[in-house]
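Visitor: I'm new to this structure, and I'd like a close look at just one part of it. Could you walk me through the pockets?

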Protein chains: 2
Amino acid sequence: MDAAFVADARARARFDPQKMGKATLFEGSALFAGLNAFEPGQEHAAHAHKGTDKLYVVLEGRGEFTVGEQRSTLERGAIAFAPADVSHAVSNPGPGRLLVLAVLAPPPR
Amino acid sequence: MDAAFVADARARARFDPQKMGKATLFEGSALFAGLNAFEPGQEHAAHAHKGTDKLYVVLEGRGEFTVGEQRSTLERGAIAFAPADVSHAVSNPGPGRLLVLAVLAPPPR
């Protein structure tokens, strides 16, 4: 079996000056977990996943989260849930970096 | 749609002096997210979920996590993954409380 633990997610984050950076942490038969890393000003524009639930956990920083018509500014420790087929978006207004755990079920292909 | 955000998971936690406390946060078609709350000395004994992947995120405190033959002490911000059918356990050695986000896919029935 692969390593079961990530003690410090920040060490696995991939920040990209051009766009939101992605890194895979775990991929199972029913669940995918990865990191979305946002430099100040970066965003993940509104999109939806057909048939796929998505959970976000803020690991570092502060972000603007939109799910359907709901909008909130969330900080470290907060959780957001976008049910299958519901539009969602994330942006980092800055000034710090934003690191988010993204969990998708079922896993993307 | 139900509320999409939990700004402070600690406010939703249910601690139980008798045993690990559980609270549901989100339940979708493919993913379930809830809180497992451990007073010092409490544990969730080794068990496995047939066909169900489970992800843990430590939201507060420090815990001993076991997945298969792997064992680690994890603190706030750390992540653990127990693939389907693999035995896993969590315990709180104390002295503080331990609060863990548990994500299961597919959702339990």
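This is a predicted model: local features need pLDDT of at least 70, side-chain atom pairs count only at pLDDT 80 or more; totals for chains, interfaces and linings use all residues.

Guide: Let's start with the lining of the largest pocket, which is made up of 19 residues. The space in the largest pocket comes to about 280 Å³.

Now for the strands around the largest pocket. From chain A, strand E5 (53-60) and strand E7 (70-75) each supply at least two residues of the lining, and so does strand E5 (53-60) of chain B. The biggest share comes from E5(B), which gives 4 residues to this lining. Sorted by class, the lining of the largest pocket holds 10 nonpolar residues, 6 charged ones and 3 polar ones.

Next comes the second largest pocket, with a volume of about 210 Å³. Its lining has 14 residues, and closest to the centre you'll find Lys22(A), Phe32(A), Asn36(A), Leu104(A) and Pro108(A). Four strands of chain A give two or more residues each to this lining: E2 (21-27), E3 (32-38), E4 (43-47) and E10 (98-105). E3(A) gives the most here, with 4 residues. As for classes, the lining of the second largest pocket splits into 6 nonpolar, 6 polar and 2 charged residues.

Technical notes:
Residues are numbered from 1 along each chain as its sequence is written. Chains are lettered from A and ligands numbered from 1 in the order in which they are written. Side-chain values use heavy atoms; hydrogens and water are left out. On a 1 Å grid over the protein atoms alone, a cavity is a set of points where a 1.4 Å probe fits but cannot get out, and a pocket is an open set with protein on both sides within 12 Å along at least five of seven lines; lining residues have an atom within 4 Å of a point. Grid points are joined across faces, edges and corners, and a volume is the space filled by probe spheres set on the points. Ala, Val, Leu, Ile, Met, Phe, Trp, Tyr, Cys and Pro count as nonpolar, Asp, Glu, Lys and Arg as charged, and the others, Gly among them, as polar.
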